[in-house]
Amino acid sequence: MSQSGGLLASYEYLDSTVDAIEQLKKAGFKGVKAYSPYPDHHIEHALGYDQSPVRVWTLVGGLTGTATGFAFTTWTSVDWPLVVGGKPIVSIPAYIIIAFELTILFGALATLIGLFILSRLPDLRPAVVYDPEFTAGRYGVYVQAEGGRLDEARNILNGQEPIELREGEGGANV
Amino acid sequence: MTDGIKRRDFLKVLGVTGASATLTGCSEPERLLPYVVAPEEITPGVATWYTTVCGGCSAQCGMWVRTREGRAVKVEGNPNHPVSRGGLCSKGHATLQHLYNPDRFHGPMIREGDRLRQGTWDEAEQLLAAQITATGNVMFIGGRMGPSMSNLVDEFVAAVNGTRIEYDAVSDAPLREAARITYGATGLPSYDIANARLLLSFGNDFIETGSSPVAHNKGLAQMSAVDAAGSKGRFVYLGPRLSTTGLNADEWYPIRPGSEAAVALGMAAVIADDAGAAGPYADVLRAYSPAVAAQAAGVSEDSIRELAERFASESPTLAMGPGVGGHHRNATAANIAVMILNHVAGNVGRTVHYDAAVSAATGAYAEMESAVSAMAAGQVGVAIVHGANPAYSMPAASGFVEAFSQAAFKVSFASAMDETAALADLILPDRHFLEAWGDSMPRSDVVALQQPVMQPVPHFDSKSAGDVLLATSVHLGNDFGATTFYDFMRNGHMEMHDDSVGDFETSWRLALRTGAVEHDMGTTAAPSQLQAPDVALSFDAPALDLGGDLTLLVHPSPRFGGGEFSNSPWLQELPDPVSKITWHSWLEMNGTTAEERGIREGDIVRVTSPHGEVEVPVWIYPGIREDAVALAMGGGHTNMGRWANGSGVNALALLPSESEQPSGAMLTLATSVTVTPTGERRRIATIEGSSDQHDRPIAPAVALADLGHVEEAEHDEGHAEFQELQGVGGFVPVPSEGGAATAFPLEGSRHGPYAESHDLPRWAMAIDLDKCTGCSACVTACQAENNVPWVGEEQVMMGRDMNWVRIERYIEHMDATQAGDLDVRMLPMICQHCANAPCEPVCPVFATYHTPEGVNAQIYNRCVGTRYCANNCPYKVRVFNWYRYMDDVPEPMNWQWNPDVTIRTNGVMEKCSFCMQRIRDVENRAALEDGRAINDGEIVPACEQSCPAEAIVFGNIRDENSRVSQVVSSERTYRVLDELLNTQPAVHYLRKVTFHEIASGGHD
Amino acid sequence: MSNATKDPIVRGALAHPDVTRLDDVNRDVLKVLATPGKGWWALFSLASLGLVVFFTSWGWQLYRGIGVTGLNSPVGWGVYITTFVFWVGIAHSGTLISAILFLFRAPWRQAIYRAAEAMTVFAVMTAGLFPLIHVGRLWHAYWLIPYPNSRFLWPNFKSPLVWDVFAITTYFTVSATFFYLGTIPDIAAARDRATGLRKKLYQVISMGWRGTDQQWHHFGKAYIFLAALATPLVLSVHSVVSWDFAVSIVPGWHTTIFAPYFVAGAIYSGVAMVITLVVPIRKVFGLEAYLTTKHFDAMAKLCLLTSMIVGYAYMSEFFMAWYSGEEIERTAFWNRLFGTYWWATWIMLTCNMFVPIMLWFKRVRYSIPALFVISIFVNIGMWFERYVIVVTSLHHEYEPFAWGIYRPSLTEMGILLGSFCWFSFWFLLFTRLLPPIAIQELKEVLPPPMRKQKEAHS
Amino acid sequence: MKKRWLIGGLAGVFALAGLAFVQGGGGEGGEGAEGAVETGQPIAFPHNQHAGSEPGQNNMDCQFCHFSAERSVAAGIPSVASCWGCHVAIPGTNHPEEVAKIQGYLERDEPIPWVRIYKISDHAHFPHMRHVNAGLECQECHGEIQEMEVLTKPDEWWTPAKELFFGQDPVWGGDNMGWCVECHRRPDENGEQQASTDCAVCHY
């Protein structure tokens, strides 16, 4: 894939970033990637994101927690039944608390795992296409283009007066 | 040794059943040590029981001893004993600790310069013989001993033509002397308390000291129990201070110290229509009237007159004269006065018996005085002390210590170091009574045998005094027809034996098995007529040495007696039945008196008498007259043992060295004192939080008048607070159904092993508060049975006492200023084994839970130590192991540990288990006997077994025929705090019955 | 959820002249991570010293037995449980400020929530130690954890103490997760400014965060869900802790009001502690631009509110005790006010009810020294609140004859003191190793740089 | 941060494991199975020679020596005299010198300090007679004693770990509550659990 290559443009301004992305999208470029120092919904909008599947993880995790909470407490009570304080062997009201805590716990952990999986974290490989300024003040747009369309992409990105425009081998680690 | 003992060959070392279990696992290989020759009587892991006689005090109660692998692990009362009839006091239980006392001598000690070296027995006996032959002038100072031993001593002393002095620190000499003077009786009168309808005690603390505390305790309980006719005996205490005995009275006449004679005679004067009834004492009687008595006693004339009338009408009645605590200069006269009172009331032969004389504490102090002067004069060559500790138990003023050191050669038979032995040149450690043969004659018609229940504790090379005397006599060339004391004693009994009642061997075996045999002595006709006094008597209030403005009352301690029991940690830690204070001494003082002097509880005061002074903390006590202070004996040992030394003060330091005439008893009530604050304070090592119930339904009572309709009374008063609750729309707790067994297994517990639990018993207990006298025997019994540690004075002060039984003493009504009703509630508080136990659900690891048999179990090895259960226990009966208390128990005291009960380690909660080990033991036995059913009364917890008052009953409450169900069906039954908390305890209490009306709530 | 057109006030009072560009934030916040000053070292060594005291005392207790405390029967719980509840309480405002205010979009949250969350995590770490310190047999404490064992035994899920185990561990895990998640982008920022070992470290901790759109997208959602989970958790945890007491039958514990009362108290003490911690940070690291008086004003108002709730709870407890007409209940509360431990009760009332009255005045709320002092009062007061609840209720229970007194021992004091050092130890490390203020969230509330605006101006 | 929790967590786990291990008494690894010397037994007593049923072995009943097993909580250790009771006539074929030791102890009038192999925790009460009378064979808990020359515990390197997680195997002189409970829970012929699993049956 010698033809293909990646372009990384750093911008100082949000609107120029957003414009760049929108134009790239309009021009039908795939694999447009944006960098920003904070989550910005303009960018997300430009890239056309909708609901994140993280919520599914949370829901499933939470429900598993509830089920586990009730099942486990009940089973252990019945496994070796001991009467305490004249209370029923299986005292649901008490077990609600355990179930609740497990709901939260499993939900939270599932969410975290979901997040890591979905956003490809952790990723400790040295970053090639990356600019430390992205965590400070700059926005970045990376686009990967077939050889033929490289110039088009370059023009679009340059059109928004990037502070810097880097070119690299395609498929570089992003 | 006779084969009688040889068969009981001794387990050389601990271990066959992993002797005393501990939670702390040890890692170096444990050794299993079999017998060399297996004794057929002993099966490892199975208890062997022996019958013997308690040698603790002059009462000589019958005793059962439980041995495991040849170690005595528990002593109990012997119900077959004609005098004590079951039950055992705290002191009796604690004798075990004297047996295993690590401070016992390891062998005969011979003085070399200022130190003692251990010698051999042969050497020691040679030395004694040599000294006797050399110096002569033998003086044998002997305490209480059995008849055979007494005979031996007499023969021994006669053979070396020495003198014998009988001495017992706490003796009833005045009573005996009075009996001799008035009726020519020998020994003490025997009382039939149980049948008295009105009992008067003129300062006689008969359930603590005296001829037979256990029997008297039982008698008192039976007397005060409500009989079928719905009546109960009434107990009136007349004295300046309420002792444990006094606390059980229904009325208290706080009479001036020493005014007993006046009151007794004043009453007698009322009863005897014509003074002539008093025979030779008629003129005495004429001299007294209620007015005079009232004047002397400081109580109203009417009250005395009215009491006298009742004493005459409610016959049979019984009056008891002043005991050891009331030995003032006219004590004999006072006792005679009381005998006159009994006489005119016609009690002689009904409740007072002079024919079956009780042989009680012998020694007269007067004899000691002569002994002292003799020694001081250097007329004594060899002074032998046996069974007594005069260096401690005589007032410092007596000069015994100085005199004793004048004797050329001083011998002591003490088995452990004491103040007297410390002065001796030769110490011949005697056997503990559990290791030796002996006999006793608690009453003139009863002979009881004391047999060794185990081989002597191997740590200590001891020898019974009898054997020593015999061996020495051999050296001296005398022959008493026996080489061992066992033979000597047996011969004696053989001579005494009359063959008409069967051959000797059988009756001997019978005596060994049952513990005692009653001889029909063909009792001499009861002396019924008063005899004229052969000595001068004064019935006036006794003179007091003027030392200050407060009369000093010195009384024997319910825990230490005269001090001979002081070296037992159990007794040191046993809360005093009156003050609930452990370990140290205290001065009892009335609140008003203290206020006048600006003294607060815990202030350390200096008590000064003409004879000495002591510094002791004050305890405020409403049960003592404002013009008196009281101090108990038994403290302040200087040279007795690790637990006695330095604990408390010796009250005798304040007393004169003087004997009462004519009885010659030591004076205990002889001086007044000044009390001055030292400015220092200390924390009192008490277990008492508050002696006020704060209107809580903990120890309610019911008036005799209300019996028969207690339920209604309950309804009117008992639930008053609930009605109040309803009034304000509060939550009304579910009132538990009456005493009857509660539904068990509980709702929701019908599962798994609990499904069949309706076939299982439900263990329950009933405690009759009308019988409980608060004597605290159960506390020590429980401690002995369940390996409950003692924690020491410091820890008790921090509130960490470990006893599983806490006898709560709530003072409802107590007035030291005038005669009137007395209402003190004694409540033994143990784990209530609640069906709805608050402690159970809060334990995170199920360390405490409810067994199918309805016991609230505590699984020590599962306990993590969160202490939540203790917080949530409304009865506060759970105790915690804050340290590794049991690790501090020295060899060989740990030999006493019960192998059937786990030793609890650091960080573990514990509490009453209903003696689970005994339940299991009986179950195992029943299973071996082809799975037979367990009989009612077969399982007896330690507390029930030792209770002299028979106030405790344990059993299966699901069986309506069981004793416990029967008792619980009483209308007096209630359960502590149950109506408030619905805890449904398995321990049921029966209300105390009072003569006076009970104020609102039925419980205050 | 940034908002390009927020006016300064709404933007969390971030209107400081020096802060205009996004990377100004990096500059100001990250300079905190530079080599520490003398003050920090002084505090840090002090804390370390305290740690020695802490572990020596604990070691001594393990060696001798729990008896080295002043505990006894009837007072089986004392300083340890008091301090446990205290720290759990402290732990609350962190997640509260962070999660709840996040969900409610409270504008003043960003500047302080990082410190608050850190406080939460470390406070739970501290609180979690106390049950272990407290039990009689630490070496068996693991029996409270349900794990399959050769005895077929399980813990008793009916016991409030087991609820605690679950509540506290869950709370710790979730708070820690929440805290960590929030820091990832900032650690990345730190990484990009750092060099050498630190850089490697940050690289690992930040998990190679790049701030790509994809990451931000999921990050935002995950964060919301975590917040949504954490919020009920915050409320539940201290309720569960309160049930340790309320579920029992001890007069003074057995009260239905406990859960809300404890939660309010927790927030109260927590916010106070945040103030106590943030004031010095602000001063030392010169973050006045980010932690403005408006923040403190807001926190002070929260304190005021919760103090009133707590005060109400006190009053209603006393009222109900009287109204119930139950002698035992009445005695318990009468004893609280005028019994042996009257002083503790009055300290509690003064610090928690009377002192905060000053917060009604704007001048006080805007005076940072005043707030600092008041916050310390509140911290003390809240510790004593727990002491009063635990000790006074236990020492006078149902059985008058078994009433007793409890005197804390030196060991207990050492451990109490040590716990504060243990907490400060971690917190000081935190101020060094992690950005104490949420960089990326501050950027969200800054006006994003717009070329068009710029051109318009020029 | 994550790293720190990880390390802390692991440390905690190891600490607990260690404690559990110590508590579980896992530390008491016995010595190797060769000969009596390693076990430290004072006399090389071959159980198989006495109780074994192989030709040349004596096929004695366990309770001949452990005399109180059916009537007491303790099984009982034979007294030196009772050993000598037989051995006075039987000098022993394999190890006469070991047999001779018995006489030595008897004459010195001292007990033989056997090393204890089968030790149940002190906080658990095991009434032998209940189990013997319930028809249990000794071997069910003690293992095939009659085939062992020397009683030892296994000491493979992984034994401690095994004991930590699965408890010690009573057959090896271990002390495993799970073992007891498993048997107590086993249903009898009419499907009822055959012995109580009430805690207080053994722990008091």
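Is Phe914(B) buried or exposed in this model? Phe914(B) is buried, with a relative accessible area of 1%; buried means under 20% relative accessible area, exposed over 50%, and partly exposed in between, with a 1.4 Å probe and protein chains only. The model is predicted: local features need pLDDT of at least 70, side-chain atom pairs count only at pLDDT 80 or more, and totals for chains, interfaces and linings use all residues. Residues are numbered from 1 along each chain as its sequence is written, chains are lettered from A and ligands numbered from 1 in the order in which they are written, and side-chain values use heavy atoms, with hydrogens and water left out.

**Chain A: overall form**

- Chain A contains five helices and four strands, where helices (H or I, at least four residues) and strands (E, at least two) are DSSP runs numbered from the N terminus.
- Along the sequence, these elements of chain A follow the pattern β-α-β-α-α-α-β-α-β.
- The radius of gyration of chain A is 25 Å, whereas a compact globule of 174 residues would have a value near 16 Å; the radius is taken over C-alpha atoms, and the globule rule is 2.2 Å times the number of residues to the power 0.38.
- The C-alpha trace of chain A spans about 80 × 30 × 30 Å along its principal axes.

- Of the 174 residues in chain A, 55% are buried.
- Among contacts in chain A between residues at least 6 apart in sequence, 85% join residues at least 24 apart; a contact means heavy atoms within 4.5 Å.
- Chain A exposes about 7,400 Å², of which carbon and sulfur atoms supply 62%; accessible areas come from the Shrake-Rupley method with a 1.4 Å probe, and for residues only the protein chains shown count as cover.

**Chain B: the five-stranded sheet**

- Five strands of chain B form an open sheet in the order E13-E10-E11-E12-E30, with mixed pairing; two strands pair if DSSP finds at least two bridges between them.
- Strand E13 (317–320) and strand E30 (820–821) of chain B are the edge strands, and each pairs on one side only.
- Strand E10 (residues 198–202) of chain B pairs with E13(B) in the parallel sense over four bridges, and Leu198(B) has Thr317(B) in E13(B) as its bridge partner.

**Chain B: the four-stranded sheet**

- A mixed open sheet of four strands in chain B has the order E36-E28-E38-E37.
- Strand E36 (952–956) and strand E37 (973–974) of chain B stand at the edges with a single partner strand each, so one side of each is left without a neighbour in the sheet.
- Strand E28 (residues 763–768) of chain B and E36(B) are antiparallel and pair over five bridges; the bridge partner of Ile767(B) in E36(B) is Ile952(B).

**Chain B: strands E29 and E31**

- In strand E29 (residues 806–813) of chain B, six of the eight residues are buried, so the strand is largely enclosed by the rest of the structure.
- E29(B) runs antiparallel to strand E31 (residues 823–829) of chain B, and seven bridges join them.
- Bridge partners in E31(B) include Met829(B) for Arg806(B) and Asp823(B) for His813(B).
- E31(B) is mostly covered, with seven of its seven residues buried.
- Asp823(B), Arg825(B), Leu827(B) and Met829(B) point one way from E31(B), while Val824(B), Met826(B) and Pro828(B) point the other way; all are buried.

**Backbone features in chains B and C**

- Most residues other than glycine have a negative phi, and most peptide bonds are trans.
- Phe914(B), which is not a glycine, has a positive phi of about 55° and is found in the loop between strand E35 (909–910) and helix H26 (916–928) of chain B.
- Cys915(B), also not a glycine, has a positive phi of about 50°; Cys915(B) lies in the loop between E35 and H26 of chain B and is buried, with a relative accessible area of 6%.
- A cis peptide bond with omega of about 5° joins Gln661(B) and Pro662(B), and Pro662(B) lies in the loop between strand E25 (628–632) and strand E26 (672–681) of chain B.
- In chain C, the peptide bond from Ser73(C) to Pro74(C) is cis, with omega near 15°; Pro74(C) lies in the loop between helix H2 (38–64) and helix H3 (79–103) of chain C.
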